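Please consult the sequence and the model shown here.

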Amino acid sequence: MLSKKEKSLKKFRWILILILTAVHISAEARNADTHSDKILSIGEENRSTTQEQADSIMRLAIGKAAQYRHTISMYEAEIYIKGRTEILKQNILMRLAHHIFPVDWRNKDMLFEMVSQSRYNAPYDYIHNIQAVNGNSVPNESKRQEALAFLNLNVYSPTAYDDAIFLPIADNAFRFYSFNLDEILWLNGQRVFKIRFLPKQWSQKLVCGHLYIFDRSWGIHKIDMNGRYSFAEFNVVMEFGRDYRRFFLPEKADLFLRYKLLGNVVATSYHSSFSYKKVERMDEEEWKRKWKSLDLTSHTELPDTVPIVRDTAYWHAYRDIPLSREEELLYARREIKADTLPKDTIKNIRQYIHLTSHLTNSVNMDYKSTRIKYSGLLNPFQLGYSARNGITYKQQFRISKTFDRDKQLRLHPEIGFVFKRKQIFFKLRGDWEYLPQRRGALSIEVGNGNESYSSDITDQINEELRDSTFNFDDLNLEYFKHYYAEIRNSIELFNGFELITGLSYHRRVPSRRQTDIDPGDNVEQILNLDFNDFTPVIGIRYTPRQYYRMDGYRKEYLYSYYPTISVEYAKGIPGVWKSSGDYERIEADIHQSLPLGLCRHLNYHVSGGLFWRPKSIYFADFRYFTRRNFPDTWDDQIGGVFNLLAGEWFNASDKYVQAHVMYESPFVLFKFLRVNSTRKFLRVASRYILSERFYLSQLWTPVLPSYTEIGYGIGNHIFNIALFAGFDRWRYDGIGVKFAFELFQ
């Protein structure tokens with residue numbers, strides 16, 4: 001039994017211990033990280049000081065981000081998603097909207113919930129096994145992809161959403177963002193700095209908002225960012241875990257999207273919560289091994305069908321936030337409108353929707369291992385325009401059948417019409433991919449090409465060129481129609497190196513048997529002849545250190561930091577199926593895309609070729625130097641070809657050298673329009689421009705020693721448009737516009 005004095009001493013000792021502990025904690029707080037000591041409450045220093053403090057914090061956070069961005073090796077999580085899409089304003093063009101963003105234009109207020117068992121294996125490698133969906137309208141695959149795509153965000157990575165957004169945590173973020181310390185918060189006894197970030201110049205690639213950064217650990221507690229993605233304004237708020245085992249993984253995420261296009265306004269919101277089942281971290285040695293590997297196999301996998309679950313108890317168990325009263329009413333009104341309409345009316349509406357959809361949209365049909373895609377008869381995205389060809393219109397059909405080990409049979413018929421030249425072009429191609437892991441494919445193709453003229457007429461042109469008044473139009477040179485059949489085989493011998501072999505048969509038929517214009521001596525006889533060429537072909541294509549990914553057994557090339565080199569040799573052999581061509585053709589090509597930083601690229605493309613040792617009449621049709629009739633060109637829909645060069649020049653010489661350079665950047669002329677223009681239209685239009693491009697092309701042939709094109713273009717996810725000017729031997733030759741839709745090319 002303790003005496004009264006002993007009890008007092010014991011009580012005093014406990015009080016003393018508590019006081020000393022408090023003093024120790026206070027001292028620890030005062031002696032925390034040097035950078036933290038400099039941080040004062042917002043009212044104590046001026047704005048420049050808070051900027052300096054923010055910069056100091058961000059340098060520490062960016063340094064830690066380099067360590068954290070590759071920390072996760074794998075995780076498994078249960079994800080709950082609630083989504084709502086409201087059509088706030090619509091017109092008849094809404095029926096084309098699904099080309100641009102996922103929307104069900106038949107339901108103006110769509111609410112759904114979804115539970116997914118998801119697994120992360122590598123960047124952009126996600127498997128989402130959707131367990132259940134529910135809603136007043138069941139989301140289709142594109143809607144489910146949209147709901148899951150914005151969750152694939154690594155906040156410590158320099159870019160997000162497939163490099164569409166440049167994050168403020170990147171190593172060179174200070175070049176593009178300014179930072180300010182807005183507030184100091186306390187979370188469970190730990191100090192959190194609220195850092196505001198703003199882009200130094202406007203671009204869809206940059207965002208604004210707030211980062212919440214933990215003191216001393218310099219990890220990110222939350223990101224709240226606003227920006228533009230495609231044709232949507234978006235806001236993402238993502239909170240990250242405080243558990244040291246998974247502090248770099250999100251716990252909650254909220255996304256708001258507002259699409260505004262062609263008079264239509266659509267608002268979409270998503271709320272997500274995460275429950276992690278398994279998390280595996282990666283050590284530095286494992287990351288180095290992955291970095292050295294060229295295999296970047298990744299994918300986002302979604303099931304073809306998902307179960308619809310209406311059980312309210314099931315969904316109540318997954319919701320971290322209860323449904324609002326308005327959301328409950330949306331569920332309650334499910335299918336009421338359909339029930340009140342007569343059955344005949346419903347049937348007629350569905351038939352009308354089915355018909356208009358198939359006329360104006362791309363049609364996709366899947367049945368087991370067979371996939372069919374049709375471009376749509378009245379689909380506006382099949383139109384293009386160029387100064388040389390005028391309006392072009394194209395129809396495409398795709399059928400593919402997949403067999404064991406991802407072997408695939410594909411059929412690609414195409415037909416197009418060039419309005420200015422009143423010509424129809426067709427192509428029927430079939431591919432048998434017999435060894436997908438080695439890119440082994442056998443292809444057969446038949447079709448027609450550009451009308452051209454023979455080497456005898458080319459010789460006549462060389463004589464005529466001595467006359468300064470020479471004009472192709474005076475000669476009326478479109479003499480021969482061109483039809484061809486070709487069989488080719490390509491296979492990868494080792495990574496990045498492909499061997500290409502083939503046989504081609506060309507038939508050229510006079511477009512007319514008589515002409516009112518005398519093209520020169522001995523040429524009239526040529527007009528009444530058909531020319532056939534049988535040509536074996538062998539070539540190689542090599543890209544050093546080619547990065548790739550495996551989609552099942554199928555190997556897909558991604559990118560390389562080295563150029564791609566191609567060489568092709570063809571030999572005309574007379575006497576096979578009445579062929580008369582006896583010549584050799586050699587061509588070589590090199591091209592590369594050089595990244596220059598934030599969404600900036602310099603692309604170059606150089607090629608040359610010649611017809612060698614001709615022993616017969618031949619047609620100077622090259623593979624890399626040819627007139628293109630539809631948007632189907634090098635690297636993008638417009639670059640890599642001559643856009644204003646008269647078609648006759650492509651066949652006027654037996655040799656050529658061409659070079660194309662394209663510089664692409666989101667920060668060039670339109671940033672000045674955005675900031676300085678007084679015209680509202682220009683300021684608004686600049687918001688929808690993702691990139692600007694500058695073109696320079698140069699050509700040399702013996703008959704045209706110098707031809708130059710310069711151009712400037714703008715583009716986004718939907719279209720590319722560019723203005724070009726041509727110079728014949730440094731003299732101005734003309735100007736023209738080229739326009740092409742990006743979608744479905």
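One aromatic cluster is formed by Y583, F611, Y618, F622, F625, F642, F650, Y656 and Y707. Rings of Phe, Tyr and Trp (its six-membered ring) pair if their centres lie within 6.5 Å, with planes under 30 degrees apart counted as stacked, over 60 as edge-to-face and the rest as tilted. The model is predicted: local features need pLDDT of at least 70, side-chain atom pairs count only at pLDDT 80 or more, and totals for chains, interfaces and linings use all residues. Residues are numbered from 1 along each chain as its sequence is written, and side-chain values use heavy atoms, with hydrogens and water left out.

**Aromatic pairs**

- The structure holds 36 aromatic pairs.
- F166 and F176 form an edge-to-face pair, because their ring centres are 5.1 Å apart and their planes stand at 75 degrees.
- This pair links distant parts of the chain, ten residues apart: F166 lies in strand β5 (residues 165–166) and F176 in the loop between β5 and β6 (177–187). Strands (E, at least two residues) and helices (H or I, at least four) are DSSP runs, numbered from the N terminus.
- F166 is buried at 6% relative accessibility, and F176 is buried at 4%. Buried means under 20% relative accessible area, exposed over 50%, and partly exposed in between (1.4 Å probe, protein chains only).

**The largest cavity**

- Eight cavities of 30 Å³ or more are counted. On a 1 Å grid over the protein atoms alone, a cavity is a set of points where a 1.4 Å probe fits but cannot get out, and lining residues have an atom within 4 Å of a point.
- The largest cavity holds about 170 Å³ of space, a volume being the space filled by probe spheres set on the grid points, which are joined across faces, edges and corners.
- Its lining comprises 18 residues, of which S386, N389, R628, N643 and K738 lie nearest the centre.
- β16 (383–386) supplies the largest share of this lining, three residues; β16 and β33 (731–741) each supply at least two.

**Helix α7**

- E327, L330 and Y331 are buried in helix α7 (residues 325–332).
- These buried residues fall within an arc of 100 degrees seen down the axis, so they line one face of α7. The arc is that of the directions from the helix axis to the C-beta atoms.
- The face turned away from the buried side carries the exposed residues R325 and A332.

**A buried asparagine**

- N720, in strand β32 (residues 719–728), is buried with a relative accessible area of 0%.
- The side chains of N720 and R693 are joined by a polar contact of 2.7 Å.
- A polar contact is a pair of N or O atoms within 3.5 Å; within protein, one must be able to donate a hydrogen and the other to accept it, and residues adjacent in sequence count only if both atoms are side-chain atoms.

Definitions and conventions
1 Å grid on protein atoms, 1.4 Å probe; cavity = no way out; pocket = protein on both sides within 12 Å on 5 of 7 lines; lining within 4 Å.
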